[in-house]
Structures are given as structure tokens and as C-alpha cells.
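Subject: Structure for your review

Hello,

Please find the structure below. My notes on it follow.

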Amino acid sequence: MNNTISISYGLKALQALSEEVKNKNYSSIFILVDSNTHGYCLERFNEIANIKATGILTMKAGEENKNLSTCEQLWNELSEKGADRNSVLINLGGGVVTDLGGFVACTFKRGIDFYNIPTTLLSMVDASVGGKTGIDLGALKNQIGIIREPQGVIVESGWLQTLPNEELRSGFAEMLKHGLIANPSYWKTLQSLDLLSAETLEDFIQPSIAEKTKVVLEDPNEKGLRKILNFGHTLGHAIESYFLTHPDKPRLLHGEAIAIGMVLEAYLSTVCCALNLGEANEIKTTFDKFYPKQEISLADQKAILELLRHDKKNKAGRINFVLLSAIGTPQIDVEVPQDLFATAFEFYKSA
Ligand SMILES: NC(=O)c1ccc[n+]([C@@H]2O[C@H](COP(=O)([O-])OP(=O)(O)OC[C@H]3O[C@@H](n4cnc5c(N)ncnc54)[C@H](O)[C@@H]3O)[C@@H](O)[C@H]2O)c1
Ligand SMILES: [Zn+2]
């Protein structure tokens, strides 16, 4: 992958985009939005960036549309509207738009330029940084994709004004994760916030991106270090899939699921990685403060563990975790005996 990550911040950067695009002499300019960012973000984008687009492409919002059929629709549209190898695609939206739009751009005519303008907290601090583009294959997430950095990522926190609160909370979980895996003092600062709002969170976007960028630059292709970004995600993904496919369960966003995953994996860290119980309790109390406790029965746990056994990241039937030996000190590829899971769920449930 191209190892330069070009991220710029704020309104000025957004205003400067039109100049940058003009200087590159693109043959045509396309903007990709989803059905929500079409309404919430496009008008503001046009006002601030003032770019004369050749066409606006709109996809249906939601993870369920991050698939090949949406790509096919967009490749067709690009083709019909005369896009060529010298066209550019500007992705204006959350992680679904930046992941899928990036993939569409990387594959159209063997690759055209693209920019990401993330409009959710999660896509600002996570999805649009690190060059991973891609789509889902059936129920399996992010199975098809390419790692390539966009020409630029422009992070501007004004988009958060219209973002629903639970989406803010979802992105915040990834920020807490950045503290837990890399920066104890950043963790302490986030932990002490009282209210999650666009205003309180905007100052922390840049430090979170800095933590992720450091990791990605050192290991762009996830051979080792980059795995630390999966803390909380092994159990978190299984919980996310389980809640998604069980209609009697409430809707759980990605960050809300990995928040539970991080509490469970903090407990596992006390047994398998010598994390001290005081720190594990601190992690649990922090997530309890921001995230409502979910009901997870013994039957739910059994089904979640079944999903975990089928996780694509398992090698030779072994389930590997990223755990912590201390806050800020992650350990990768830790094997966890399965008889510990029940106690981990007890720990999550406890007051
Ligand atoms: N590439 C990576 O490294 C990486 C990392 C983390 C997550 N991801 C991917 O990101 C996706 C999740 O991203 P997400 O949480 O941003 O989801 P999303 O793109 O589905 O956005 C969440 C919701 O908010 C809406 N929305 C977006 N911006 C808005 C705004 N400013 N105001 C009001 N509504 C707005 C969207 O239409 C959607 O309904 C997943 O597909 C995940 O796999 C990728
Ligand atoms: Zn995540």
C-alpha cells in the first residue's frame, strides 16, 4: 500500500479541496452519498467546498447495502455518466460510504482517485483512516476489499451536529479503545468526560486519529502490530452478529457491541495476561457509565460462543485474542481457554 496518509482537518481544509481538485485536472468529479448524507450533508458540502460535480451518486444507507450489487449499480452509473481513468470520486458519508466508495474507486477502470469526507464519528476516527476499503459478502463482513490510501481524508467535525446520539456513542467506543491499547493518559481523559456530545468530542478526534495512524503506518497490512486495533472485537463482532440476527434483541451498533467486547476481554486479560483486577474494574466501570447494560442470557452466551468458533480470524480451530497486560499495553495472538468465557460474562453483568 501507498504509505503516505494525507489527512487534513477543519473547514479550511474542506474549502481547500476545490482548489486541490482543480489543480489535478480531473476529467470529471463524482460525489458519493447515501440516502441520509444526501439530505444531511450534501448541501453543506456544496456550500463549503464549492466543487462543480459532474454527478451525484446516491446509495441506500445501511450496512445491508455495503455489497456487490450496490457496487455494480455505481460502476454502471459512473460508466453511463462518462467517468474515465482520470475521474475522481469524493465519498461523503459514514464508514459504509467510505468503505464501499473506496472499493468502487479502487476497482473502476483499475483504479481512479478518491477522497474521503467522513461524516460520522466512527468513520472519522476509524473507518476512513488506514486505507482499508471493502464490502460484505452475504452475512460475512468486509470479505472483499483492497488496501489503498485515498488521495486525501478531510476531517471536519461540523457533520456531527446532525448525527444521532447512539451513533456518537458508537464512534466513542473506538476512541476509548485507542486509549486502552496505546495511550493511558488519553484513556484517563476520555474516561472522565461527563456528556457525549459533538462539542465535547470534537477535540478528541485528532488525537484518536493520531493513535490509529501510528499503528497503521508501522504495519499497513496487519502482519502484527495492526492487530491491536482488534481489541474488544473478537467477542464484540460475535455479539454484534448475534444481536443483528435475533429480532427479539435490540439494535446494537458496532461500537456498542465492541464496548461489551472490551469489558469481556478486559476480564480475560486478568487471567491470561496478568492485567490487574483494579484496571479491569476501571475499564468495566467506564463502559458502564457510557453504555446501557445489555441482557445476555446463558442461551445467548452459548450462541455467541458458537459464532466465535466460526470467526474467520481463527487459525486451525484456535481463537486468538488481543488482550491487555496493562492499560496501554496490548498483547496480540493470545489463546484463551474456552472455559473462561462464562466468568467473563458474569464479570460484565456484575454491578
Ligand atoms: N475501513 C476501516 O478500517 C473500517 C474501520 C471501522 C469500521 N469500518 C466500517 O464502517 C462501517 C460503519 O461506519 P459508520 O458507523 O459510520 O456507519 P454508517 O456509514 O452506516 O453511518 C451510520 C448512520 O449514520 C448516517 N449518517 C452518516 N453521517 C451522518 C450525519 N452527519 N448526520 C446524520 N446521519 C448521518 C448514515 O446514513 C447511517 O445511517 C462498517 O461497515 C464498518 O465495517 C471500516
Ligand atoms: Zn471497530
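Leu-253 sits in the loop between α10 and α11 (254-272); helices (H or I, at least four residues) and strands (E, at least two) are DSSP runs, numbered from the N terminus. With a relative accessible area of 10%, Leu-253 is buried. Buried here means under 20% relative accessible area, exposed over 50%, and partly exposed in between (1.4 Å probe, protein chains only). Leu-253 and Ser-123 are 130 residues apart along the chain, and their C-alpha atoms are separated by 13 Å.

This is a predicted model, in which local features need pLDDT of at least 70, side-chain atom pairs count only at pLDDT 80 or more, and totals for chains, interfaces and linings use all residues. Residues are numbered from 1 along each chain as its sequence is written, chains are lettered from A and ligands numbered from 1 in the order in which they are written, and side-chain values use heavy atoms, with hydrogens and water left out.

Ligand 1

There are 25 residues around ligand 1, and Asp-34, Glu-63, Thr-119, Thr-120 and Thr-162 come nearest. A residue is near a molecule or strand if one of its heavy atoms lies within 4 Å of it. By type, the shell around ligand 1 divides into 8 nonpolar, 8 polar and 9 charged residues. In that division Ala, Val, Leu, Ile, Met, Phe, Trp, Tyr, Cys and Pro count as nonpolar, Asp, Glu, Lys and Arg as charged, and the others, Gly among them, as polar.

- Glu-63: an N or O atom of the side chain is 2.5 Å from an oxygen atom of ligand 1.
- Lys-66: a polar side-chain atom lies 2.8 Å from an oxygen atom of ligand 1.
- Val-96: a polar backbone atom is 3.0 Å from an oxygen atom of ligand 1.

Ligand 1 taken alone exposes 870 Å², and the protein buries 89% of that. Accessible areas come from the Shrake-Rupley method with a 1.4 Å probe; for residues, only the protein chains shown count as cover. Two or more residues of the shell around ligand 1 come from each of α2 (35-40), α5 (95-107), α6 (121-127) and β7 (140-147).

Salt bridges

A search of the whole structure finds 19 salt bridges, each a side-chain nitrogen of Lys or Arg within 4 Å of a carboxyl oxygen of Asp or Glu.

One of them joins the side chains of Asp-99 and Lys-66 (2.9 Å, N to O). Asp-99 lies in helix α5 and Lys-66 in the loop between β3 (55-59) and α4 (68-80), so the pair ties together parts that are 33 residues apart in sequence. Asp-99 and Lys-66 are both buried.

Another is formed by Lys-227 and Asp-333 (3.1 Å, N to O). Lys-227 is in the loop between α9 (198-218) and α10 (233-245), whereas Asp-333 is in strand β10 (residues 329-335), so to speak of distant parts of the chain, 106 residues apart. Lys-227 counts as buried at 18% relative accessibility, while Asp-333 counts as partly exposed at 42%. Salt bridges that share partners also join Glu-63, Lys-66 and Asp-99 into one network.

Lys-24 and Glu-20 meet in a salt bridge as well (3.5 Å, N to O). Both ends are partly exposed: Lys-24 has a relative accessible area of 35%, and Glu-20 one of 33%.

Other points

His-233, in helix α10, is buried with a relative accessible area of 5%. The side chains of His-233 and His-254 are joined by a polar contact of 3.3 Å. A polar contact is a pair of N or O atoms within 3.5 Å; within protein, one must be able to donate a hydrogen and the other to accept it, and residues adjacent in sequence count only if both atoms are side-chain atoms.

Asn-25 is found in the loop between α1 and β2 (29-34) and counts as exposed at 60% relative accessibility.

Lys-22 lies in helix α1 (residues 10-23) and is exposed at 57% relative accessibility.

Regards
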